[in-house]
Amino acid sequence: MSEVMPKGVNWLKDYATGFKPSQNMITTAQNGDIAYDFLVVSPGLVMDTSLIEGLTEALGHGNVCSNYTNPEHTWDVIRNFKGGHAVFTQPTTPIKCGGAPQKIAYLAADYFRMHNMSDRTKVTFATPGSVIFGVKPIADSLMKVVQRYNIDLNHFTLLSK
Ligand SMILES: Cc1cc2nc3c(=O)[nH]c(=O)nc-3n(C[C@H](O)[C@H](O)[C@H](O)COP(=O)(O)OP(=O)(O)OC[C@H]3O[C@@H](n4cnc5c(N)ncnc54)[C@H](O)[C@@H]3O)c2cc1C
């Protein structure tokens with residue numbers, strides 16, 4: 001971030017804890033109240049693994065991995081995979097980058113193919129949605145990728161314990 005911080009900007013590495021819009025103020029964890037003329041809020045999305053029972057405990061251990069939390073662990077899991085059933089999925093909630101869960105499924109399928117593991121590996125992509133992608137021309141291209149890698153595509157699917 002420091003590399004892209006514009007000159008003249010005072011970067012406070014702090015946590016916004018609340019808003020006081022009637023006073024044009026925000027409250028922060030370490031710097032007290034800070035006044036503003038204009039406020040732009042861009043907090044992004046926060047992962048909440050507690051929405052799926054057991055996920056918080058399981059994530060990051062053994063073969064349960066997520067590119068949203070630790071892509072290096074995902075890479076370790078893929079590299080150490082000896083064949084079997086590789087299941088990729090995404091939640092029903094909004095997520096950072098709607099394509100990310102698919103991207104890693106395709107990359108993994110490609111890795112398994114390159115390492116001659118396709119005959120002993122089933123790759124499933126399970127999505128809560130009715131289509132692989134909401135934009136038809138993109139969905140058409142992605143369906144070709146799904147077929148090319150022989151991926152088992154499941155719709156209306158929800159991860160649960
Ligand atoms: C695995 C993965 C792959 C992706 N691939 C792509 C891609 O190929 N192409 C693409 O366009 N996008 C991709 N994305 C999505 C892209 O990274 C996000 O859309 C983008 O980062 C969103 O930017 P943002 O600034 O809105 O949120 P964030 O990047 O989430 O930034 C929000 C910031 O606000 C901070 N924050 C939150 N609450 C507070 C608070 N109370 N006080 C202070 N700070 C706070 C957070 O700590 C965070 O630093 C990908 C995302 C992931 C996870």
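Visitor: In which order do the strands of the open sheet lie, and with what pairing?

Guide: Strands of a sheet pair through backbone hydrogen bonds, either parallel or antiparallel. In this predicted model, the open sheet has three strands in the order β4-β5-β6, and the pairing is parallel. Because β4 (84-89) and β6 (152-154) stand at the edges and have a single partner strand each, one side of each is left without a neighbour in the sheet. From one strand to the next, the twist averages 20°.

Visitor: Over how many bridges do β4 and β5 pair, and which residue is the bridge partner of glycine 84?

Guide: Strand β5 (residues 121-126) pairs with β4 over six bridges, in the parallel sense, and the partner of glycine 84 in β5 is threonine 121.

Visitor: Which helix lies across these two strands?

Guide: That is helix α3 (residues 100-114), which lies across β4 and β5 and runs at about 170° to β5.

Visitor: Which residues have the most contacts inside the largest nonpolar core, and which elements give two or more residues to this core?

Guide: The largest nonpolar core has 22 residues, and those with the most contacts inside it are Phe88, Tyr106, Phe112, Phe125, Ile132 and Ile151. Two or more residues each come from β4, α3, β5 and α4 (136-148), with α3 giving the largest share, seven residues.

Visitor: What does phenylalanine 125 touch, if residues up to four places away in sequence are not counted?

Guide: Under that condition, phenylalanine 125 touches Phe88, Gln90, Pro101, Gln102, Ala105, Ile132, Ile151, Asp152, Leu153 and Asn154. Among these, Phe88, Ile132 and Ile151 are also listed with phenylalanine 125 among the residues having the most contacts inside the core.

Technical notes
Residues are numbered from 1 along each chain as its sequence is written. This is a predicted model: local features need pLDDT of at least 70, side-chain atom pairs count only at pLDDT 80 or more; totals for chains, interfaces and linings use all residues. Side-chain values use heavy atoms; hydrogens and water are left out. Two strands pair if DSSP finds at least two bridges between them. Helices (H or I, at least four residues) and strands (E, at least two) are DSSP runs, numbered from the N terminus. Axes are lines fitted to C-alpha atoms, for helices over the stretch in contact, and angles run from 0 to 180 degrees between N-to-C directions. Contact means heavy atoms within 4.5 Å. A nonpolar core is a set of buried Ala, Val, Leu, Ile, Met, Phe, Trp, Tyr and Cys residues joined through side-chain atoms within 4.5 Å. Buried means under 20% relative accessible area, exposed over 50%, partly exposed in between (1.4 Å probe, protein chains only).
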